[in-house]
Amino acid sequence: STRKESSAASDVYKRQLSGHVIVMSSMPCTWGCTWQIVNEGRKCMDNPAVYAKYLEKQEEHRILFEKLMSALEAIADALLCVGGDLVHEWGARNTLWHNRRIKAVIKKLNMHRVYFDGCAVGLVSQDGRKIRKPWLFETTIPQVCRKFATAKCNCPNGSHARCKGKDALLSAFYTWKMTDWLHNCFRSRATCLLYTSDAADD
């Protein structure tokens, strides 16, 4: 959401009143997509007018990213106050992981990194072949790290479809296996914290 930072943070405080808060963050990452940079750059370098349009589009992506980061930073501050959790997802090779603002959020919340492969969580191409797409979560939830660390490729060499074109666009959507695993991890996290809180009260 590109809403004002105060509004984004207030949602965290409101939800904290009814239980443990977990935020799943998955901002558009086109600005840092390596395939987008390679393909568009290669296509535009010999045509100044097209290249100028490409740079203009990249600037639009940058502006959107900066707005969304402002909201995420406000959410991170609120989560720190209420003891909530965050999961942030991008492709593992996306260059935005090196952005100073996202690195600051990761450090502030003491988040942990887990790599996993798309083919191990049910990601397939339009023709049904598995897509390996390297994925990455940064998270404060230990259950997410433990579960997704098991999602490693064991496919035969040469069996994957390439993550490009329409398949690359569709890979932005999570598979059912990913969402089922995440929901189970969230439930486990909330339950563990509840029992810990009850034990402390006793």
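These exercises walk through a predicted model of one chain.

**Exercise 1.** Describe the fold of the chain in terms of helices and strands.

*Solution.* Start with the count: seven helices and four strands. Next, read along the sequence: the pattern is α-β-α-α-β-α-β-β-α-α-α. Then look at burial: of the 202 residues, 40% count as buried.

**Exercise 2.** Classify the ring pair of Phe65 and Trp90.

*Solution.* The count of aromatic pairs is nine. In one of them, Phe65 and Trp90 lie 6.2 Å apart, centre to centre, with 40 degrees between the planes. Stacked needs under 30 degrees and edge-to-face over 60, so this pair is tilted. Now place the residues: Phe65 is in helix α3 and Trp90 in strand β2, 25 residues apart. Phe65 has 2% relative accessibility, so Phe65 counts as buried. Trp90, at 1%, is buried too.

**Exercise 3.** Classify the ring pair of Trp90 and Trp97, then find the charge over Trp97.

*Solution.* The ring centres of Trp90 and Trp97 are 5.0 Å apart, and the planes meet at 70 degrees, so the pair is edge-to-face. Both residues are buried. Arg113 lies over the face of Trp97, 5.8 Å from the ring centre.

**Exercise 4.** Locate Arg132 and say whether it is buried, partly exposed or exposed.

*Solution.* Arg132 sits in the loop between β3 and β4. Its relative accessible area is 43%, so Arg132 is partly exposed. Leaving aside neighbours within four places in sequence, its contacts include Asp117, Cys153 and His160. Finally, compare sequence with space: Arg132 and Cys155 are 23 residues apart in sequence and 8.9 Å apart, C-alpha to C-alpha.

Technical notes
Residues are numbered from 1 along each chain as its sequence is written. This is a predicted model: local features need pLDDT of at least 70, side-chain atom pairs count only at pLDDT 80 or more; totals for chains, interfaces and linings use all residues. Side-chain values use heavy atoms; hydrogens and water are left out. Helices (H or I, at least four residues) and strands (E, at least two) are DSSP runs, numbered from the N terminus. Buried means under 20% relative accessible area, exposed over 50%, partly exposed in between (1.4 Å probe, protein chains only). Contact means heavy atoms within 4.5 Å. Rings of Phe, Tyr and Trp (its six-membered ring) pair if their centres lie within 6.5 Å; planes under 30 degrees apart count as stacked, over 60 as edge-to-face and the rest as tilted. A charge sits over a ring if NZ of Lys or CZ of Arg is within 6 Å of the ring centre and within 35 degrees of the ring normal.
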